[in-house]
Amino acid sequence: MAHDDLRDWISALDRAGELRRIRAEVDPILEITEITDRVSKSPDGGPALLFENVKGYRGWHVLINQFGSARRMRMALGVDSLDEIAARIHHFLDVKSPEGLLEKIKMLPMLAEMGKFFPKTVSSGPCKEVIRRDDFDLLHMPVLQCWPKDAGRFITLPCVITRDPKTGKRNVGMYRMQVYDARTAGMHWQRQKVGAEHYRDAMRAAASSGASTAAARGSAGVSPAGPVAGVDLMARSGGGAIEPEGERPQGKLEVAVAIGTEPALTFAAVIPAPPDVEEFMIAGFLRHKPVELVKCETVDLEVPATAEIVLEGYVNLDELRTEGPFGDHTGFYSLEDLYPVFHVTCVTHRERPIYATTIVGKPPMEDAWMGKAIERIFLPLMRVTLPEIVDVNLPVEAVFHNLMIVSIRKSYPGHARKVMNGIWAMGQAMFTKCIVVVDEDCDVQDLREVVLRTANHIDPERDIQFTLGPVDSLDHSSRLPNFGSKMGIDATRKWPTEGFTRPWPEEIRMDEATKRRVDAMWKKLGID
Ligand SMILES: Cc1cc2nc3c(=O)[nH]c(=O)nc-3n(C[C@H](O)[C@H](O)[C@H](O)COP(=O)(O)O)c2cc1C
C-alpha cells in the first residue's frame, strides 16, 4: 500500500508500534546522533524516532531512523517480502513479444500498471502551504551536526532534483548538503553520480555555446587553484576534466531539493538506477501509484507535491567550495574536498514542517537496511546481464561497496573472473573493492560458510585478481581520490580445464541414515 506522504507514513509507523515520540528536549547538535546511534545498534535496528522537542526549534519535529529495520523497510515499500519487488521486476523484464490478439490482450493489465509509474504534474500541493522568497534561512530547519569533527551541520536525507540538459530527463539523487550559511550549502554529488553528470553536461553546453570561462570562482573556503590543484580541479569536484587548468564556463544548473518525501521516493533517490531512468518513475513503480509533482516557484523543475520542505536554487558552474569533513557511512570521517555550492532562491514548506534526516557512521545504521533492500531488489537486474548469478551478499560491516560475495552456477573455465569483470562494469557496482565468487552450493548469506570456502579453496597467487578502476569517493585508502585497485577472489572449485589437475576433495557431510539414528537416540544421551 502506498503512503500518501510523510505524515501518512508516520501514522502507519505509529499504528504498527514502530515509532517512539521523544518529548524530552534534545539538541540537534550531536545529541540526536548519540541517541539514534544507540537505537540503531539494537539487534533489530530499533524503532523510528520522532523528536518533538528539538532545542532551539520550537514547533519543528525531526524524524530519524524511518527505514532502520527490515520490517520498516518492507512497510515503506508496502510489501511483506522484498522478494515481491524482485519478482515484479522479473515479471516486467520477462516480457516476450505477444503472438496473436489473445496474448496482446493478456498484456493489457501490465500496460495499465505501467501507466501508474509516470509522475503526474498537479497544480498545487501541500509543499506550497508556506512560500518564502526572502525570509528564509537554512538554519531555520533543525539541521543536525552529526559527529564532533564534522565541518558543520549537514542536511543528510535530501532528494536532490536536477534535469539533464541534453535529454530533459530528471534525476533524483540523495547527496548530503553542508549548510554554509543562511542561503548556501555544499552539493556533495560525487563525480560518478548522475547529478554530477548533469553538472558536467551543463558545463559542456555552456562551453560549446561560448560562455566566457574563468578559473573556478570561490566563496570563503575555496582552495586556491594552484598548479596541481588547477589541472585536477574539474575532476576533483565532480566536474569532469572537460576544461584544462580549472577554466570553467560561466552559467548555472538549476537544482531543487525535497526533504521529507513519502518513503518510496526517498528510497528511490538512493537506488543506483541507470542514469536515464527517472527516480520519480521508480517511486511510481514501487508505490503502484504516480508521484504527484508541482512546479517550482523560481526554477524550471518539478518537486513532489507532498514534500515537507522544498529548497529551490542553483549551482554556479564556476564555483567550488571546500566541503567536509563529515562522519561517513564507512565509520570514518570522509576528508574535505571541493564541491559545487547550492544557492537557495526560495523555500516552500508545509505548515509545521517535519524535518526528515538520518545519520551515517559505524555500521549498522539506518542506511544498512536501505542497502540490504537494494541488494535484494537489484538481484534480478544483475541477472539480466549475469544470469549465472545465484545470490549476492553485501555485508553491512564492509559498508556495501567494500565487499560483495556472489555465488554462481559455474559453467566454463574462468567463469568466476568473467563475473567479477561483469560486476565491475555494472553501474555503481563499479565501486566494489573486493568481490568473492563462490560456487552455487555455498549460501552467501552464511558468512561462516563463505569464510570456510574462501580460505580453503584458494591458492592466493593463482586465484586473486587485481585490477584498477574507479573507487568510491569515500575510500580513504585508495592511492588517489576516486581511483584505485580492486580485488577479486575466485573461491570456486578449480577445474582441470583451469589447470587444476589434482582431484578436488569432497566436502564432509554425515550420511542421512546415521543422522536419523542419532536423532532417535539424542534425548537418551542426556547432553541437552
Ligand atoms: C543517507 C545517504 C546519504 C548519501 N549521501 C551521498 C552523498 O553525499 N553523495 C553521493 O554522491 N552519494 C550519496 N549517497 C549515495 C547516493 O544516494 C546513491 O549513490 C544514489 O544512487 C545516487 O543517485 P544517482 O544514481 O541518481 O546519482 C548517499 C546515500 C544515503 C543512503
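Visitor: How many cavities of 30 Å³ or more are there?
Guide: In this predicted model, the count comes to one cavity of 30 Å³ or more.

Visitor: How much space lies in the largest cavity?
Guide: The largest cavity holds about 40 Å³ of space.

Visitor: Which residues line it?
Guide: The lining of the largest cavity consists of His 329, Gly 361, Pro 363, Asp 367, Ala 368, Val 396, Val 399 and Phe 400. By class, the lining of the largest cavity has five nonpolar residues, two polar and one charged.

Visitor: Turning to pockets, how much space is in the second largest pocket?
Guide: The second largest pocket contains about 380 Å³ of space. It is lined by 16 residues, and those closest to its centre are Arg 453, Asn 456, His 457, Trp 504 and Pro 505.

Visitor: Which helix gives the most to that lining?
Guide: Helix α13, residues 447-457, gives the most to the lining of the second largest pocket, with five residues.

Visitor: And how do the lining residues of that pocket divide?
Guide: The lining of the second largest pocket comprises eight charged residues, six nonpolar and two polar.

Visitor: Now the ligand. Which residues are closest to it?
Guide: The ligand is surrounded by 20 residues, of which the closest are Met 174, Tyr 175, His 188, Val 270 and Gln 428. Nine residues of the shell around the ligand are nonpolar, eight are polar and three are charged.

Visitor: Which element supplies the largest share of that shell?
Guide: Strand β8, residues 170-173, supplies the largest share of the shell around the ligand, namely three residues.

Visitor: Which polar backbone atoms lie by the ligand's oxygen atoms?
Guide: A polar backbone atom of Val 194 lies 2.8 Å from an oxygen atom of the ligand. For Gln 190, a polar backbone atom is 3.0 Å from a ligand oxygen, and for Ile 271 the corresponding distance is 3.2 Å.

Visitor: What percentage of the ligand's area does the protein bury?
Guide: The protein buries 92% of the 630 Å² that the ligand exposes when taken alone.

Visitor: Where do the two residues sit in the chain?
Guide: Phe 92 is in helix α4, residues 82-93, while Phe 117 is in the loop between α6 (108-115) and β4 (120-121). The pair links distant parts of the chain, with the two residues 25 residues apart.

Definitions and conventions
Residues are numbered from 1 along each chain as its sequence is written. This is a predicted model: local features need pLDDT of at least 70, side-chain atom pairs count only at pLDDT 80 or more; totals for chains, interfaces and linings use all residues. Side-chain values use heavy atoms; hydrogens and water are left out. On a 1 Å grid over the protein atoms alone, a cavity is a set of points where a 1.4 Å probe fits but cannot get out, and a pocket is an open set with protein on both sides within 12 Å along at least five of seven lines; lining residues have an atom within 4 Å of a point. Grid points are joined across faces, edges and corners, and a volume is the space filled by probe spheres set on the points. Helices (H or I, at least four residues) and strands (E, at least two) are DSSP runs, numbered from the N terminus. Ala, Val, Leu, Ile, Met, Phe, Trp, Tyr, Cys and Pro count as nonpolar, Asp, Glu, Lys and Arg as charged, and the others, Gly among them, as polar. A residue is near a molecule or strand if one of its heavy atoms lies within 4 Å of it. A polar contact is a pair of N or O atoms within 3.5 Å; within protein, one must be able to donate a hydrogen and the other to accept it, and residues adjacent in sequence count only if both atoms are side-chain atoms. Accessible areas come from the Shrake-Rupley method with a 1.4 Å probe; for residues, only the protein chains shown count as cover.
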